[in-house]
Every structure is written in C-alpha cells, then in structure tokens.
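Have a go at each one before you read its solution.

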Amino acid sequence: MIERRPGLTLTAHTILILGILVVVFPVYIALVGSTQSAEQIAASHPLSLWPGPHALETYRLALLGGKTSGGATIAPVAPMLWVSLVSALVIAVGKIVISLLSAFAIVYFRFPLRNLVFWGIFITLMLPVEVRIGPTYEVVANLGL
C-alpha cells in the first residue's frame, strides 16, 4: 500500500539529501583542495570552497610527472594507471579462462575426488587478491627475487 503523506515525504527527502551531502562534501573538498596551491592549503584561514586556479597544473603534474615550483620531482601516475589496468585485465581474463576450463573438466569427466577438487577450486576463487598478497610476497622474498 502506498501512503501519500506530504510531511512524511518531505522528511524522507530531507534525510536523503542530508545523507548525500554528508557523503559528497568530503569528496568535493578534496577536489577543491587539489586545485589550490600548497600555500593556500597550509594557510591558517579556512580552505576556500571554490576551485582554485591551479587545477590544470596540478593534474598535469600528477598524471605526467615533472618538477614542481619548489624543485621536487613528482613521479608520473599515468604509466602506473596503465600497468594497473593491464594487470587487472590479465588477472580477470586468466581467472575466467581457468574457471571455464576447470568447470568443463569437473562437469564432463569422472575422476576420483571430483567433489573435493570442485570445492578446492571454488574456495580459492572466492578468496580476494588481498588475502593472497602476504603469502605471495613472502615466497618471492624467500626466493631472493
């Protein structure tokens, strides 16, 4: 049953809009802060809520790297993003291929301990990558690589 109560609707919408503002405002402040100079951010007065004039310079330095006005060198982020994208795509495609092949083998072939193999594969596919980073690092470090 749908109730039509203007007061209840107004209250619900007000709460939703306030929730959206609470979530979006810190993101907006981070974006605005990234367009201002370090001196403006470090100043004692409150941070301006309007974007500053340094947006293009800041984002160009972040993506392509280079030297700042203070002489510091910034590593380029664009190649790092490319490596992350390629790694994620290779891992995703590899997982899909291995999953398809193992599913085909488990469904169409009869072999001993088939259910145990199925659950072993299923559980390892359910593990997030973050859980495997520590042991993988330890193996690589122990091998001296």
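**Exercise 1. Work out how H4 and H5 pack together.**

Start with the handedness: H4 passes H5 in a left-handed crossing, meaning that the near helix is turned anticlockwise from the far one by less than a right angle (clockwise would be right-handed). The helices here are DSSP runs of H or I with at least four residues, while strands are runs of E with at least two, all numbered from the N terminus.

Next, see who does the touching. From H4 come Lys95, Ser99, Ser102, Ile106 and Val107, and from H5 come Arg114, Val117, Phe118, Ile121 and Leu125; contact means heavy atoms within 4.5 Å.

Now the geometry. H4 covers residues 78–108 and H5 residues 114–126, and they pack at an angle of about 165° with their axes 11 Å apart. H4 is therefore roughly antiparallel to H5 (over 145 degrees; under 35 is roughly parallel, 65 to 115 roughly perpendicular, the rest oblique). Axes are lines fitted to C-alpha atoms, for helices over the stretch in contact, with angles from 0 to 180 degrees between N-to-C directions.

A word on the model: it is predicted, with local features needing pLDDT of at least 70 and side-chain atom pairs pLDDT 80 or more, while totals for chains, interfaces and linings use all residues. Residues are numbered from 1 along each chain as its sequence is written, and side-chain values use heavy atoms, leaving out hydrogens and water.

**Exercise 2. Is Ser102 buried or exposed?**

First locate Ser102: it sits in helix H4. Its relative accessibility is 16%, so Ser102 counts as buried (under 20%; exposed is over 50%, partly exposed in between, with a 1.4 Å probe and protein chains only). Then look at its side chain, where a polar atom lies 3.1 Å from the backbone oxygen of Ser99.

**Exercise 3. Describe the surroundings of Thr35.**

Begin with the loop between helix H1 (6–34) and helix H2 (38–42), where you'll find Thr35. With a relative accessible area of 6%, Thr35 is buried. Its side chain reaches the backbone oxygen of Val32 at 2.7 Å. Leaving aside residues up to four places away in sequence, Thr35 touches Pro51, Gly52, Pro53, His54, Ala55 and Tyr59.

**Exercise 4. Follow the chain past H6 to Leu145.**

Just after H6, Gly144 takes a positive phi of about 75°. Leu145 is in the segment after H6, and at 75% relative accessibility Leu145 counts as exposed. Finally, compare Leu145 with Leu100: they are 45 residues apart in sequence and 32 Å apart in space, C-alpha to C-alpha.

Definitions and conventions: Polar contact = N/O pair within 3.5 Å; in protein donor to acceptor, adjacent residues only side chain to side chain.
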